Amino acid sequence: MGKKMCKEVVWSELCKNNLKDAEEGRPVVVTMHAHVRRVSSLTTLCVFATALLVLTTGIIGGMYLYRHFAHYKVGQASNLRHFRGWCSIPYLPDIQGESSQPIASSLKHRPVPTEASEMKSPKVNFFEEEFDIDVKFEQYERIEVPSFEHGRKAQFVHDFVANKTGIVDYENRRCFVMVLNRNYVYPPRVLYEQIAKMRAGYYDADTQTVRHTMQVITPPISDLKNVGLFIARDCAQTPIYMLEKATSPIFKRSLDHESKNMFVEFAGNKVNEFKIVNIDEATPGINPAEAS
């Protein structure tokens, strides 16, 4: 009890002396207790640990995002399982009539247009395609084309297992199936890489227009085993007609009718136009909304 009173007396005297020194302008010496120094060190340690945690989180998050988006870079298709996206396709319409040969020159290495040449040359248009590509297993490609001036809305299904191509006619709810032409339809992995380059701004793809004149074989098929799993699934509720190269005489029709029986697609090599001369012989499917 006596020691405690002595400490209080000593502390009181020190405070009085410090106050007196401050009033007289002499420097004042303040002594900090040990627990005050410990609190300051703990605060510094917490701030340092928080900064280190934030830095580590940022590095890990950056590495994760880099690996995630690197899958979509050109040349990284080996890490990508499935691709779904849009791409704009240059299209030069056919103004020379029917042909089984390329009828429009590629956009690559085109001469600089002059005022006179622009009067003679058709305008280059673009149409959008939506791609659904099985990059990893390379079993199928789905290419959806919207309705535009020179073609009707459709979905192309390329089944690389069954070696078949299906055309889903959305407007009349029917499907057309033909042999897969690998000269114009790139394999899934190659097509994905081509699309990635085009989306990056390198329009070096061959965009010549090729006309394929086809005809419908009637009646519709009933056995779906030969059309492939993917085509059968997309066309299960519609009549399916086989297509073959047209052998019957072809009559010139109006441009308005041309767009109604034309399906257009780009699948890696050239813009392919499929004209079905007897498309009216393919009976449209029943719309579920109308049936109910």
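Reader: What makes Ile 167 in strand 5 the bridge partner of Phe 156, and how do you know that strand 4 and strand 5 pair?

Author: Phe 156 has Ile 167 as its bridge partner in strand 5. Six bridges join strand 4 (residues 154-159) to strand 5, and the two run antiparallel. Two strands pair if DSSP finds at least two bridges between them, so with six bridges strand 4 and strand 5 count as paired. Strands here are DSSP E runs of at least two residues, numbered from the N terminus; helices are H or I runs of at least four. This is a predicted model: local features need pLDDT of at least 70, side-chain atom pairs pLDDT 80 or more, while totals for chains, interfaces and linings use all residues. Residues are numbered from 1 along each chain as its sequence is written, and side-chain values use heavy atoms, without hydrogens and water.

Reader: Why is strand 5 called mostly covered?

Author: Buried means under 20% relative accessible area, exposed over 50%, partly exposed in between (1.4 Å probe, protein chains only). Six of the six residues in strand 5 (164-169) are buried, so the strand is mostly covered. Lys 164, Gly 166 and Val 168 point one way, and Thr 165, Ile 167 and Asp 169 the other. In a regular strand the side chains alternate between the two faces of the sheet.

Reader: How do you know that strand 5 pairs with strand 6?

Author: Strand 5 and strand 6 (residues 174-179) share six bridges and run antiparallel. Val 168 has Cys 175 as its bridge partner in strand 6. In the hairpin of these strands, with four residues between them, Arg 173 takes a positive phi near 50 degrees.
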